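Open the model in your viewer and keep the selection tool ready.

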Amino acid sequence: MIPYGKQDIRQEDIDAIIEVLQSDFLTQGPQVPAFEQAVAQKVGAEYALAVNSATSALHIACLALGLGQGDILWTTPVTFVASANCGLYCGASVDFVDIDPNTYNMSVSALKTKLEHAAAHHRLPKVLVAVHLCGQPCEMSRIKALADQYGVKIIEDASHSIGGKYRGEYIGNCRYSDITIFSFHPVKIITTAEGGMALTNSKVLAEKMNLLRSHGITRDQDKMTHESDGPWYYQQVDLGFNYRMTELQAALGLSQLERLDEYVSKRHELAKIYDELLNSLPVTIPFQHSDSYSGLHLYVIRLHREQINRSHQEVFESLREKGIGVNLHYIPVHTHPYYQHMGFAADDFPNAMAYYHEAISLPMYPNLTKEEQHIVIDALKAALSA
Ligand SMILES: *Cc1c(COP(=O)(O)O)cnc(C)c1O
């Protein structure tokens, strides 16, 4: 089986983890702050908070931005459910902005129209979650201009795009957002097994997220309501969670981070080979914006169904039968039963549905070989021509 994504673990990663296992701290030691500092420095953000998943990072990001009951969060329907669920965790309601048919990211023109309408009806969102699907950055400059105009906060869900660049700068520097989120799940660009991170340039947001990831407890005298009772003392000043990352995970992350640029550039080499091999087939290859450098977490093709005699599902099944671990990113969030119960209909977001009926994620990971890419494309050719 050739999977759609796979981590790359080398001896130096294993050595880094063993070293932590033999040290004094398995959690709450020096590795987590070192990893945070290294990522913040790499991408050019002021503050970084490591947590146990990107889902947790999205949750505390929404809370730090003040999202709560009566508020609204908007995101794209073509994303992993976590980009939307974070709004529901906070008691807010969730709505979606349809995708751009070329980039598959949130459509800026649909966003503009929806904001105008929402402003007229006093239903503006408090938070917008912009997802860089497949690693391809959203049009952040235009999105930020609209968000500023309507007083909306922005979270970048950059789970697919650490190491990618927008207008020559690393994604994660929060130039166009309040908070950026990374995921370190094994299929993503670098891994800590499970893990995530929230980045921001705001001291206030960083301190708030720092409290929320660890029970809402502070040991900082300045944040206490009265003089410390003694050296054992701490105060719970907010309702937080245990969303901490372990030292083992952070050591793995630090070791993987060394190879971030190498991984993303390898993904670009693989994409170039796919682009060429797919040249004469009835499929659309991934969009590449001229002012951005995708993280290329995923390589998604779209079938030209009018030129193919088999259904999307038949093509998909034929590839799976041949041991190609193709996947589909994603089932539009608003079509899941949990969201249907909230009143969404499938055709509320037609571009997302059109995408869903044509998209296939081909295998894409640093150790994928050229030979394997040929196997994938030969299987695809056979599937399309039957
Ligand atoms: C993977 C992913 C998440 C969730 O990441 P976890 O670290 O698994 O919690 C959120 N959003 C997107 C777009 C993702 O791909």
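A crossing of two helices is called left-handed if the near helix is turned anticlockwise from the far one by less than a right angle, and right-handed if clockwise. This is a predicted model, in which local features need pLDDT of at least 70, side-chain atom pairs count only at pLDDT 80 or more, and totals for chains, interfaces and linings use all residues. Residues are numbered from 1 along each chain as its sequence is written, and side-chain values use heavy atoms, with hydrogens and water left out.

Select residues 54-64, helix α3, and residues 203-212, helix α7. Helices here are DSSP runs (H or I, at least four residues), numbered from the N terminus. The two axes come within 9 Å and cross at roughly 125°. Axes are lines fitted to C-alpha atoms over the stretch in contact, and angles run from 0 to 180 degrees between N-to-C directions. The crossing of α3 past α7 is right-handed. Now show the side of α3 with Ile-60, Ala-61, Leu-63 and Ala-64, which meet Leu-205, Lys-208, Met-209 and Leu-212 of α7; contact means heavy atoms within 4.5 Å.

Next, select residues 108-120, helix α5, and residues 140-150, helix α6. Their axes lie 10 Å apart at an angle of about 5°, so α5 is roughly parallel to α6 (angles under 35 degrees count as such).

Last, select the ligand. Ala-54 has a backbone N or O atom 2.9 Å from a ligand oxygen atom. In the side chain of His-160, an N or O atom is 2.7 Å from an oxygen atom of the ligand.

Key: Helices (H or I, at least four residues) and strands (E, at least two) are DSSP runs, numbered from the N terminus. A polar contact is a pair of N or O atoms within 3.5 Å; within protein, one must be able to donate a hydrogen and the other to accept it, and residues adjacent in sequence count only if both atoms are side-chain atoms. Angles under 35 degrees count as roughly parallel, over 145 as roughly antiparallel, 65 to 115 as roughly perpendicular and the rest as oblique.
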